[in-house]
Amino acid sequence: MPPQREHFMHRRILILALISGLANGCAYVDPLIQDFNVVSVDQERQLGEQMAAQIEGEMAFSRDAAAQQRVQKVGQRLVASLNRRDFNYEFFVVQDKDPNAFTIPGGKIYVHTGLLQFADNESEIAGVIGHEIAHAYLRHPAKGISRQLGAQQLAGLLFKDTQGKLKTLALQMAGGGILTRYSRQDEYEADEIGYQILKSSGYKTDGLLRFLRKLQGLQTGSASPLAFLSTHPPTPDRIARLESMEMQRTSYLR
Ligand SMILES: [Zn+2]
């Protein structure tokens, strides 16, 4: 293989690792320290720009204008209900049949075309996007990076905030799929805050619950579960928690 081609292939593998890592956006770890974050909002924004540029070069975006408009509309309606906005939230539609969505640092959210197809209605789409917005709002990507890179590697960033260092970090993240590791606690928090976001933006609050139930149905009915399911946090746990939120809400309304 000529060196140029080999380099390209190597890069391709890195990017595939990035994509599969991100696609497993909600795989979790159980950290010893939950709330460790050494990445500032400004650094997170810059990291997001770096990563978005990489993704733009490597992932196929949907050309379906209707799908894009749909996602923008839902996303912006949900964002409008946030009481704090650290980021300029942005939404992208990626051509991928796996029903999934993922968030990178700085409030950039990517929705797969497969998710739009798999969802039965707008409130299910809103349920998943609301969950992703909650990850961004709670700054889970920055916390995930902090936990995994550790204080030592990030120390340089704290004192010398240079573009070069951020670029290196973005590349490291891309290679290692660092963003993938949300904690179980992060997932529960994102479900809870996502639920509040749905409520305050006037969407039905059971969108994510219905979506997860359907995914769980697929898992039990299929010999080869979707990548989404094999790496996702325990869906039955999340379903049970969302069900109890929904029960409390309806009993409160009565
Ligand atoms: Zn999640």
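Modeller: Strand 3 (residues 101-104) and strand 4 run antiparallel and are joined by four bridges. Strands (E, at least two residues) and helices (H or I, at least four) are DSSP runs numbered from the N terminus, and two strands pair if DSSP finds at least two bridges between them. This is a predicted model, in which local features need pLDDT of at least 70, side-chain atom pairs count only at pLDDT 80 or more, and totals for chains, interfaces and linings use all residues. Residues are numbered from 1 along each chain as its sequence is written, and side-chain values use heavy atoms, with hydrogens and water left out.

Colleague: What lies between strand 3 and strand 4?

Modeller: The two strands form a hairpin with three residues between them, and glycine 106 in the turn has a positive phi of about 80 degrees. Within strand 4, isoleucine 109 is the bridge partner of threonine 103.

Colleague: In which sense do strand 2 and strand 4 pair?

Modeller: Strand 2 (residues 90-94) pairs with strand 4 in the parallel sense, over five bridges. Here isoleucine 109 of strand 4 is the bridge partner of phenylalanine 91.

Colleague: Is strand 4 mostly covered or uncovered?

Modeller: Buried means under 20% relative accessible area, exposed over 50%, and partly exposed in between (1.4 Å probe, protein chains only). Five of the five residues of strand 4 are buried. Lys108, Tyr110 and His112 point one way, while Ile109 and Val111 point the other way.

Colleague: How is a pair of aromatic rings described?

Modeller: One gives the distance of the centres and the angle of the planes. Rings of Phe, Tyr and Trp (its six-membered ring) pair if their centres lie within 6.5 Å; planes under 30 degrees apart count as stacked, over 60 as edge-to-face and the rest as tilted. A search of the whole structure finds six such pairs. In one of them, the ring centres of phenylalanine 61 and tyrosine 110 are 6.3 Å apart and the planes are at 50 degrees, so the pair is tilted.

Colleague: Which parts does that pair tie together?

Modeller: Phenylalanine 61 lies in the loop between helix 2 (41-58) and helix 3 (65-79) and tyrosine 110 in strand 4 (residues 108-112), so parts 49 residues apart in sequence are tied together. Phenylalanine 61 is partly exposed, at 27% relative accessible area, whereas tyrosine 110 is buried, at 1%. Ring pairs also link Phe61, Phe92, Phe102 and Tyr110 into a cluster.
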